[in-house]
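Visitor: I would like to learn how to read a structure like this one. Could you take me through it feature by feature?

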Amino acid sequence: MDIFDRYAPFVQEYIYRNNWQNLRAIQVAAGDAIFNTDENLLLTASTASGKTEAAFFPIISLFSEDMPKSVGCIYIGPLKALINDQFDRLTELCEEADIPVWHWHGDVARTHKEKLLKHPSGILQITPESLEAMLIHKHAIIGSLFSDLRFVVIDEVHSLLRGDRGGQTLCLIERLSKLAGVNPRRIGLSATIGEPEAVGRFLASGTGRGTIIPRIEQKGTTWRLSMEHFYIRSGKDGEGNSGAENDADIDSYEMEENETDIDSCVMGENETPAAENDYDPSFKYIFDNTRNKKCLVFVNSREECEAVTTTLRRYSELSGEDERFQIHHGNISAALRETAEDVMKDDYENQTTVTTATLELGIDIGRLERAFQIDAPWTVSAFLQRMGRTGRRGAPPEMWFVMREEEVEARAMLPVTIPWTLIQGIALVQLYIEEKWVEPPRLDRLPYSLLYHQTMSTLMSCGEMTPAGLAARILPLTYFHRVTEEDYRVLLQHLVKTGHIQKTAEGGLIVGLKGEKVVNNFKFYGVFQENEEYTVRSENQELGTIVAPPPVGEKIAIAGRVWTVLDVDKKRHTVYCTLVRGSVPAYFGQCPGDLHTKVLTRMRQVLHEDKSYPYLMKNAVARLEKARNTVSASGIGTDILLNLGGTKWCFFPWVGTYSFLALERVLRIKCAARLGLKNFDSSRPYFMVFTMKVGRDEFFRILKEELFKEFDARTLIYPKEIPLFDKYDEYLPEELLIKGFAESVLDLEGLRNKASEWD
């Protein structure tokens, strides 16, 4: 019996109604795994490939034959918008078989939730945060709600793998399964997974099952891809701000026939009438090429999202056009987000939405003509996800990169004259075109922040517990496999001492007064950082506000200058800083993204190879050629350490963010005295500038000598430094903070591997 025949009749009828001619390969593979095995399943395929149907067609077919006596399947989605979208699709699909579909998050009506609690059944769609709240507040009825739970489907699983949110999801599934006495099969869905085998092992953690990962041969895809470069201040870049658009076939690398002439879009009859110097050339490029089209504009931060939207809306006003720009990010209200989603779903609305990663994931927003990306994203995964938002309903995926660069003075030193964003964007694209490479997950951290969170959540839901009983609940959770009993003892003693946990007269543990302030806040359910504004001050001068201040000693840019952070007052939400003298690098302070070493290595190759890339537009071609000439003339092609004159040096290590962070500390803590190192300035993770008393050969000899010594990574912590990175770090004992930072953030192993190649 083939898979189609195995589907329930109402599923077959759904397929006929939608005029599907045949099942896709991923649907056949998923059906075979779900119908014919008891294993977990990881489905990886491109966006809009039918992964959701591939998972749910077999599940609901099985349910129609033997209806679960409780909620039978939990669907965990990373975003409310994605859950709302999938809720409508699944409700239509399951209606005929009378399989209830429920959704549960902060915007869902209480009456809908109460119906589920009275009649637990069917499929529950929920976010990790809402599942956390349910385990805390509905602890007593978890057993009856999920007594016959058979499947857990985790959508966009890649989005949960690079931080504590994925660990939280895994802990929640394990805690719920133990409370309900079930062992559901897990199904992960993603379009962009690096090292699927590692993700499969992660997915299967604690189930006693393996994970089936079907290998689906995908047809060649034609991309419509362009990348253009702009100087921000003057708008001068070569001969202009436009160029001819190219299509690159990512399998054959042959150029397809051009379908659109960008010159006609930018400089044609629809040209904005205002004076040229009224516009930032890069934003004008986006403004003109979104007219009468439905587009997304991706940016890399919420602050930038606000600024870009404001600017584009102002351009509409200046040119006398109707408003045509929406905004979508995690800090705006649900009503505004839903407005943008509804507009994008309407095929008759030619509007553009400026967004962060919130529209990067699988919500169906209809017929999109193209996506723009301002500057390079930080991962190949993000690039693929964003590209995949277009190209549905038969059209090829289409993305226009808009690379922006501050115009530097001709006398500026070498490192800041390299267009890092442009080079990074090329490297990300080439890594996928040439190798189909995507960043591997980071699954082996010391998640002490999450350990605090799950400890407090368990105490909140269970009430008084003995220390041994609490440890027996928490430490067996698979995500905490690296946490020792001694680590946990240190944590509990600290939490008792600080009042987050209280010891009862009988020797039990309950949530303390300080802990109650944390767990009774609705923000407690999530483990990702919330955006909070901090006022920035230098002496008596207020400079403005920033979000998520960096640690003491790092740099920030505000009020047109660069400042070093002297102190962060978390209670008063104030950052104190001092002005930094000297030149301003193109990038400074804490790197906003985790750039992998492989991306840096490919960036170096981009600067050295004599190769053209068919998707580069006129200005980008000229800027890349200029950068390559600079690199060739400087000697960086053969040497990663460049003398800038006298005792001043620039070091290009070409290592990823966390290896770069480790290198900074090895140089400043282990090597500074021997090197005579001073005036250290870092532009993470691209280069570092400093003065030193020794020469090139002596530098490498001392650096390698110190780097390859046996030493505890905790010695790479600065004096009096308390490294706070994750949401609940501020409640941890200093001992665990330092250990977690040293062993989970600083990538010494990766640095040593790369350093072994240095001459």
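This is a predicted model: local features need pLDDT of at least 70, side-chain atom pairs count only at pLDDT 80 or more; totals for chains, interfaces and linings use all residues.

Visitor: How many helices and strands are in the chain?

Guide: Helices (H or I, at least four residues) and strands (E, at least two) are DSSP runs, numbered from the N terminus. Here the chain has 26 helices and 26 strands.

Visitor: What share of the residues counts as buried?

Guide: Buried means under 20% relative accessible area, exposed means over 50%, and partly exposed lies in between (1.4 Å probe, protein chains only). Of the 759 residues in the chain, 58% are buried.

Visitor: Among contacts between residues at least 6 apart in sequence, what share joins residues at least 24 apart?

Guide: A contact means heavy atoms within 4.5 Å. The share is 72%.

Visitor: Now salt bridges. How many does a search of the whole structure find?

Guide: Side chains of opposite charge can pair when their charged atoms come close. The cut-off is a side-chain nitrogen of Lys or Arg within 4 Å of a carboxyl oxygen of Asp or Glu. The search finds 37 salt bridges.

Visitor: Which residue meets R6 in a salt bridge?

Guide: R6 pairs with E65, at 2.8 Å from N to O. R6 sits in helix 1 (residues 3-6) and E65 in helix 4 (residues 51-65), so the pair links distant parts of the chain, 59 residues apart. R6 is partly exposed, with 25% relative accessibility.

Visitor: What does D148 pair with?

Guide: D148 forms a salt bridge with R150, at 2.9 Å from N to O. D148 is buried, with a relative accessible area of 18%.

Visitor: Which residues are linked in a network of salt bridges?

Guide: The network holds R674, E698, R701, E705, E706 and K709.

Visitor: Next, backbone angles. What is phi of E156?

Guide: Look for a positive phi in a residue that is not a glycine. E156 has one, about 50°. E156 sits in the loop between strand 5 (151-154) and helix 9 (164-180), and is buried at 7% relative accessible area. D375 is another case, with phi near 65°. D375 lies in the loop between strand 14 (370-374) and helix 15 (380-387). D375 is buried, at 17%.

Visitor: Where is P685, and what bond joins R684 and P685?

Guide: A cis peptide bond joins them, with omega about -5°. P685 is in the loop between strand 25 (678-683) and strand 26 (687-691).

Visitor: Last, loop residues. What is I232 in contact with?

Guide: Leave aside neighbours within four places in sequence. I232 then contacts D280, P281, R404, E405 and E406. I232 and P281 are 49 residues apart in sequence, with C-alpha atoms 7.2 Å apart. I232 lies in the loop between strand 8 and strand 9 (247-249), and is partly exposed at 23% relative accessible area.

Visitor: Is R215 buried or exposed?

Guide: R215 is exposed, with a relative accessible area of 57%. Its place is the loop between strand 7 (211-212) and strand 8 (222-231). Leaving aside neighbours within four places in sequence, R215 contacts P196 and E197.

Methods:
Residues are numbered from 1 along each chain as its sequence is written. Side-chain values use heavy atoms; hydrogens and water are left out.
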